[in-house]
Amino acid sequence: MATKLDVSGRNLDLESAVDEVKARYVSANPASRAQYERAKQSLPGGNTRTGMFYTPFPLAIEKAAGATLIDVDGHTYTDFVGDFSAGLYGHSHPVIREALMAALDDGMAYGSSSPYEERLATLVCARFSSIEQVRFTNSGTEANTMALVTARAVSGKDLVMVFEGAYHGGTIYFGRKSAPINMPFPFLIAPYNDPEEATRLIAENADRLACVLAEPMQGASGAIPGDVDFLRALREACTAHGVLLIFDEVMTSRVAPNGRQGQLGITPDLTTLGKYIGGGISCGAFGGPAEIMSRYDPSKPGAFVHHGTFNNNVLMLRAGAAGLEKVFTPEVQVALSESGIALRDALNGLAAKHGAPFQVTGLGSIMTIHFQSEPLRSIRDIQPRDERLRQLLHLYLIDKGFFTTRRGYMALSLLITEADCAGLTQAIDDFLAHHGHLLDTAPEEAPVDVWPAAAGATT
Ligand SMILES: Cc1ncc(COP(=O)(O)O)c(C=O)c1O
């Protein structure tokens with residue numbers, strides 16, 4: 001490999017920079033590579049969770065402790081992925097560990113009600129004022145599925161309004177590429193952060209529209225916060241036209257006590273939760289006023305049926321309750337968001353320092369790095385860039401001992417320290433000093449796909 005460098009030792013072009021960082025990655029990680037080759041025999045692409053895949057092959061993480069990950073080649077990394085926000089408590093947090101050990105000691109699968117679902121439900125209802133009653137599920141995808149079918153069953157209407165770029169789970173996804181495995185519901189896809197258009201579409205489709213499902217911040221499509229005016233307009237239009245408003249707070253519920261809805265003072269009809277709510281064990285939840293949720297009361301004639309072997313999995317219930325009660329108190333919640341804001345500010349300061357097309361968006365402890373300076377208010381504003389730029393930053397940071405994601409998403413855990421954040425900031429400072437000039441010159445890729453439907457069309 002011929003490396004092309006300028007007089008100060010910087011790569012002359014993106015290709016040589018990527019080749020170099022990739023070659024270092026491949027040679028440093030033979031055991032991860034071998035693991036990937038073996039996994040491909042029994043798992044499609046060696047993978048059972050699409051977001052875990054990246055080129056040339058993903059690291060195989062074997063162990064973790066605190067905020068440190070250890071891979072099968074024996075390298076250690078500071079964990080800035082935080083399991084895409086589910087890993088709020090870090091690894092083997094003593095309180096979570098204690099709760100899980102107690103659950104194991106007490107036997108696990110009772111096939112019965114237990115005191116533990118009431119404990120976690122009480123804590124969730126106390127934390128989120130719009131949730132009078134809650135039901136647990138096994139994932140955020142399932143929580144959103146339940147919220148949608150609930151809205152359709154309660155309203156007797158079929159149409160569901162969602163937003164371009166939304167991610168509500170593996171089968172409820174509205175990114176740039178078409179999603180052939182989405183749930184076969186009629187979806188009305190509206191542009192995000194466009195209050196006028198959303199209001200118009202809600203009014204126009206009110207007869208058929210069961211609900212509007214919105215993330216207060218679009219997480220997967222780039223940590224793009226919803227404007228307060230936009231989210232308020234959704235509330236007003238839904239109220240005016242008898243449409244249920246569902247906030248997907250699977251990610252954003254961590255950003256403030258009472259979630260993003262509490263921070264903005266906007267009350268949805270239903271809320272969905274997930275990720276950290278189960279203390280790091282698979283979970284989801286949907287909840288709202290008793291008037292809606294009591295339709296699930298099995299003692300009532302005609303109650304909706306919501307089965308699920310693991311809905312009351314005691315590992316999840318006990319870890320989740322211990323976390324909310326003893327660790328992630330409202331004060332800690334505020335402090336974690338402040339750490340996230342400080343990190344985001346520091347990283348955005350680097351963009352100005354280097355004059356690089358670089359910015360970090362997000363809310364509280366969740367954020368995403370973008371290679372552009374223009375403001376981002378929806379996925380439409382994200383300029384398609386050469387994918388190798390993301391690869392360059394991702395593999396560069398791995399090489400420096402920081403575990404982030406290919407798409408630039410990061411979520412802080414409670415065990416990430418100020419020193420960890422300072423270390424990451426320094427590494428990105430060095431990256432911009434060394435490679436910042438390539439961010440501008442990299443060719444723009446043509447959009448990989450068109451929107452699956454024009455805004456406002458139903459699928
Ligand atoms: C906003 C949002 N909703 C729903 C989900 C789906 O949750 P799960 O992966 O637990 O199914 C996610 C997952 O990333 C999410 O970010």
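**Helices, an open sheet and the ligand shell**

In helix H2, the residues that are buried are Ser32, Arg33, Gln35 and Tyr36. Around the helix axis these residues cover an arc of only 160°, and they therefore lie on the same side of H2. The face of H2 turned away from this buried side carries exposed residues, namely Pro30, Glu37, Arg38, Gln41 and Ser42. The packing partners of the buried residues of H2 are H1 and S2. The model described here is a predicted one, and the values given below are computed from it.

Helix H1, which spans residues 14–28, has 15 residues and reaches 21 Å from its first C-alpha to its last, close to the 21 Å expected at 1.5 Å a residue. Buried in H1 are Leu14, Ala17, Val18, Val21 and Tyr25. Viewed down the axis of H1, its buried residues fall within an arc of 95°, so they line one face of the helix.

Strand S2, against which the buried residues of H2 also pack, belongs to an open sheet of four strands, whose order is S1-S2-S3-S15 and whose pairing is mixed. Strand S1 (61–65) and S15 are the edge strands of this sheet, each of them pairing on one side only. Within the sheet, strand S2 (residues 68–71) and strand S3 (residues 76–79) pair in the antiparallel sense over three bridges, and leucine 69 is found opposite tyrosine 77 in S3. Four residues lie between the strands in the hairpin of S2 and S3, where glycine 74 takes a positive phi near 90°. S3 is also joined to strand S15 (residues 402–403) by two bridges, the two strands running parallel. In this pairing, the bridge partner of threonine 78 in S15 is phenylalanine 402, while aspartate 79 stands opposite phenylalanine 403 in S15.

Most residues other than glycine have a negative phi, and most peptide bonds are trans. The peptide bond from threonine 55 to proline 56, however, is cis, with omega near 0°, and proline 56 lies in the loop between helix H2 (30–42) and S1. Serine 92, a residue other than glycine, has a positive phi near 55° and is located in the loop between S3 and helix H3 (94–105). Asparagine 193, likewise not a glycine, has a positive phi of about 65°, and its position is in the loop between strand S6 (187–190) and helix H6 (195–205). The surroundings of these two residues can be set out by their neighbour counts: serine 92 has 14 C-beta neighbours inside 10 Å and therefore counts as partly exposed, whereas asparagine 193 has 23 C-beta neighbours inside 10 Å and therefore counts as buried, the cut-off for burial being 20 or more.

A further loop position is that of aspartate 386, which is placed between strand S14 (366–370) and helix H12 (387–399). Because aspartate 386 has 19 C-beta neighbours inside 10 Å, this residue counts as partly exposed. Aspartate 386 and alanine 335 are separated by 51 residues in sequence, and their C-alpha atoms are 36 Å apart in space.

The ligand is surrounded by 16 residues, of which the closest are Ser139, Gly140, Thr141, Gly169 and Val250. By residue class, the shell around the ligand comprises five nonpolar, nine polar and two charged residues. Helix H5 (residues 140–155) gives the most to this shell, contributing three residues. H5 itself has 16 residues and reaches 22 Å from its first C-alpha to its last, which is close to the 22 Å expected at 1.5 Å a residue. Gly140 and Thr141, which are among the closest residues to the ligand, are also among the buried residues of H5. H5 is followed by glycine 156, for which phi is positive, near 70°.

Notes. Residues are numbered from 1 along each chain as its sequence is written. This is a predicted model: local features need pLDDT of at least 70, side-chain atom pairs count only at pLDDT 80 or more; totals for chains, interfaces and linings use all residues. A residue is near a molecule or strand if its C-beta atom, placed from the backbone, lies within 6 Å of it. Ala, Val, Leu, Ile, Met, Phe, Trp, Tyr, Cys and Pro count as nonpolar, Asp, Glu, Lys and Arg as charged, and the others, Gly among them, as polar. Two strands pair if DSSP finds at least two bridges between them. The expected span of a helix is 1.5 Å times one less than its number of residues. A residue is buried if 20 or more other C-beta atoms lie within 10 Å of its own, exposed if 12 or fewer, and partly exposed in between; C-beta atoms are placed from the backbone. The arc is that of the directions from the helix axis to the C-beta atoms. Two residues are in contact if their C-beta atoms, placed from the backbone, lie within 7 Å.
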